[in-house]
Amino acid sequence: MEFDAKGILKKNNTKRSAGWFKKFQYDEVRDSPSDARNVLLVVVALIAAVTFQAGVNPPGGVWQEGDRVGRAIYASQKRAFYVFLISNTLALSTCILVITSLTYRFPFHLEIWAATASIMITYASAVFAVTPNESVRFRYLLIAASVPFVMRCFGYFFKKYCMSENESQIGGQEEVEKRDGQAGQQV
């Protein structure tokens, strides 16, 4: 940061420092949609791999001996473990939604659906295996896993409903304007 003689931050530097971010944003002229899709798929696949691994091998590991063998050590901190499990599950299910959306109508799309469904089942079984029954209510994990899909459906129906409402309102306004124009011509 540069300051002038009075100690005031120079404004042109602020613009320049904020402008560096723009060159990394998607630009329709410079970037093709297929390049953007490929970048998104790579990023989402990395996030999915990390979240899957964190769910299968929870932070802190699992108990090696005693009456809690194979259970997550982190589960002894109930609230923190809830936050971890719900956030991790939400991240994984969001990644799976993005992957299946970006690969829609690709070759082997059905196989991609089968693989992602298998990943979610594997994730769920691993989480159920390492989580003590008394520490987590699994319905919260199911809700967290379904949130991205439900939000996408609500968005679709909301967009469809709003678009049909707007089109009917626009059509009604055009009809009124047309009648008013015809009435003005008849006078």
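## Salt bridge

Arg30 and Asp31 are joined by a salt bridge, their closest N and O atoms lying 3.2 Å apart, where a salt bridge is a side-chain nitrogen of Lys or Arg within 4 Å of a carboxyl oxygen of Asp or Glu. The structure, which is a predicted model, holds 1 salt bridge. Side chains of opposite charge can pair when their charged atoms come close. Arg30 is partly exposed because its relative accessible area is 45%, and Asp31 is likewise partly exposed, at 22%; here buried means under 20% relative accessible area, exposed means over 50%, and partly exposed is in between, with a 1.4 Å probe and protein chains only.

## Basis of the values

Because this is a predicted model, local features need pLDDT of at least 70 and side-chain atom pairs count only at pLDDT 80 or more, whereas totals for chains, interfaces and linings use all residues. Residues are numbered from 1 along each chain as its sequence is written, and side-chain values use heavy atoms, with hydrogens and water left out.

Helices are DSSP runs (H or I, at least four residues) numbered from the N terminus; axes are lines fitted to C-alpha atoms, for helices over the stretch in contact, and angles run from 0 to 180 degrees between N-to-C directions. Angles under 35 degrees count as roughly parallel, over 145 as roughly antiparallel, 65 to 115 as roughly perpendicular and the rest as oblique. From H2, the residues Thr51, Phe52, Gly55 and Val56 meet Ile119, Thr122, Tyr123, Ala126, Val127 and Val130 of H4, contact being defined as heavy atoms within 4.5 Å.

H3 and H4 pack at an angle of about 175°, with 10 Å between their axes, so H3 is roughly antiparallel to H4.

Thr51, which is placed in helix H2, counts as buried because its relative accessibility is 7%. Leaving aside neighbours within four places in sequence, Thr51 is in contact with Asn88, Ala91, Leu92 and Tyr123.

Trp63 is placed in the loop between helix H2 (33–56) and helix H3 (78–102), and it counts as partly exposed because its relative accessibility is 28%. Not counting residues up to four places away in sequence, Trp63 touches Arg68, Val69, Gly70, Arg71, Ala72 and Ile73. The C-alpha atoms of Trp63 and Val130 are separated by 9.3 Å, although these residues are 67 apart along the chain.

## Loop residues and a nonpolar patch

Arg105 is exposed, with a relative accessible area of 69%, and Phe108 counts as exposed at 62%.

Trp20, Phe21 and Phe24 make a nonpolar surface patch of about 390 Å². Phe21 lies in the loop between helix H1 (11–19) and H2 and is partly exposed, with a relative accessible area of 46%. Patches are made of residues with over 30% relative accessible area and no salt bridge, like charges being joined within 9 Å and nonpolar side chains (Val, Leu, Ile, Met, Phe, Trp, Tyr) within 5 Å; accessible areas come from the Shrake-Rupley method with a 1.4 Å probe, and for residues only the protein chains shown count as cover.

Definitions and conventions. Helices (H or I, at least four residues) and strands (E, at least two) are DSSP runs, numbered from the N terminus.
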